[in-house]
Structure formats: structure tokens, C-alpha cells
Amino acid sequence: MSLCLSDPLPREFYARDAVEVAQAILGMVLVHRTENGIIAGRIVEAEAYTQDDPASHAYIGMTPRNAVMFGEPGHAYVYFTYGMYYCLNTSTGPVGFGSGALIRAVEPIAGIEMMKNNRKTGKLTNLASGPGKLCQAFGLDRRHNGLDLTDGELTIHPGDPPGEIASALRIGIRLATDKPWRFYIKDNPFVSKK
DNA sequence: AGAGCGATGGCCT
DNA sequence: GGCCATCGCTCTA
């Protein structure tokens, strides 16, 4: 199998509002270069979180945990949650303003056997259809927190443009549940939820 | 198909 | 001590 990739998305891609980035990132390709080979998937679902948003980790101000959200845009904010899962975000917006886009689901493209091993399932639509599943499939954990997504082990590249984009309420939050900041490629079978 | 819930540990007050 | 930007199992229908 061959995976043809152009250069990663530039820093400027991430240097704008998280709500814009969460939409613009749909269709782009997430790539993890592991010791055992390349794992890649097309992003089909993402959510926006901003500093003035009560549902965001950045809402309380900068702490050691969420510091990446306040730093240079285009870095990986990987956090640990529910005692057993990791979630991947890209930092967005200007330095000093804590915001990011949560990558919730990808359509597997490459390294599918590795993903099946990591996830202990063979069902393609269940490999990375959720933020915790995605990190498990890609082998991402706290070691990847802070990585530069424009160059190196973990990168995001241009991909096939999405078809119609749908927006909906975000999933799994208690506060600010009214913001329609979850975006996904309409009718794509790899999103976490309709 | 949908509701309920346990697992499991770091982070913040 | 309480709260999670989750997941998968079990129970009810």
C-alpha cells in the first residue's frame, strides 16, 4: 500500500479561531510515524473549545495540564481522561489564548493492521470512531503531548476535501451544551455518532 | 435501539 | 473528595 502525502499543513492553518479550525480540518490526514510503520487516517469529525467556553479545559486559565492550548498553534494537546483514555487536540488561535480543536474520529487509511491490534477489534468503523478510540488505535498517549503537528512524528496533511459538513452539539460535556461546535462530514460512516 | 453503569486515575479546590 | 471533552458491557424491549 502506498500513501502519497504533500507537506504538512502550515502553522497559519491553526492560527485562527478554533471554531474555524474544527471545520477546516475535516478531510485532512492525520499521520503517526511509529517504530513499526505509518498509521494514517482522514479526519471526519472535530469539536472546538475556546478559553471563554465553560466546557473547555482552558476556561479555568493556564495550568500544567492544559498549557499546550495556550501555546503556539499547531501543537498536539493530548490529555488523559476517565482514568484510561487519551484524547488528541490541535492547539489553535494566538499564543496566550487557550483554545483547540478536538479530533474525534478518523477514517482509517494506512496501518490498519496495527490499528486492529491496538484496538483489539477488526471492525473498520469501530477503529477510530471516537476520541479515545482514535488515540488507542494510533498509539497516542502523554508522550505525544506538545508535539509540533507541522513537522515530525505526528503531523496533519492536506487530504480529499469533505463533502457537506454538518454541525451539531458537542458530546460528553456538562457545561455550555448549547454551542453547535461539533463538526463532521455528513453521511460518513466513520463519525462517532449521528 | 436505547438507558444505565462500572472501570480507573489524574487534576483541581 | 468530586469531577471528568470515554468506552463497552449488560439489561430491558
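The largest pocket of this predicted model holds about 660 Å³ of space, where a pocket is an open set of points on a 1 Å grid over the protein atoms alone at which a 1.4 Å probe fits, with protein on both sides within 12 Å along at least five of seven lines, and lining residues have an atom within 4 Å of a point. Of its 26 lining residues, Tyr79, Tyr82, Ile171, Gly172 and Ile173 are the closest to the centre. Strands E3 (76-81), E4 (85-91) and E5 (100-110), together with helix H5, each give two or more residues to this lining; helices (at least four residues) and strands (at least two) are DSSP runs numbered from the N terminus.

The second largest pocket has about 180 Å³ of space, and among its 13 lining residues His32, Thr34, Glu35, Asn36 and Met114 are the closest to its centre. Helix H4 gives the largest share of that lining, three residues.

Helix H4 (residues 112-119) also packs against helix H5 (residues 131-138), at an angle of about 115° and with the axes 7 Å apart, the axes being lines fitted to C-alpha atoms over the stretch in contact and the angles running from 0 to 180 degrees between N-to-C directions. Met115, Asn118 and Arg119 in H4 meet Lys133, Gln136, Ala137 and Phe138 in H5, contact meaning heavy atoms within 4.5 Å.

Asp53 lies in the loop between strand E2 (37-49) and helix H3 (67-70), and is buried (under 20% relative accessible area, 1.4 Å probe, protein chains only), with a value of 0%. Leaving aside residues up to four places away in sequence, Asp53 touches Ala48, Tyr59, Arg170, Ala176, Lys179 and Trp181.

Residues are numbered from 1 along each chain as its sequence is written, and chains are lettered from A and ligands numbered from 1 in the order in which they are written. Local features need pLDDT of at least 70 and side-chain atom pairs count only at pLDDT 80 or more, while totals for chains, interfaces and linings use all residues, and side-chain values use heavy atoms, with hydrogens and water left out.

Technical notes:
Buried means under 20% relative accessible area, exposed over 50%, partly exposed in between (1.4 Å probe, protein chains only). Grid points are joined across faces, edges and corners, and a volume is the space filled by probe spheres set on the points.
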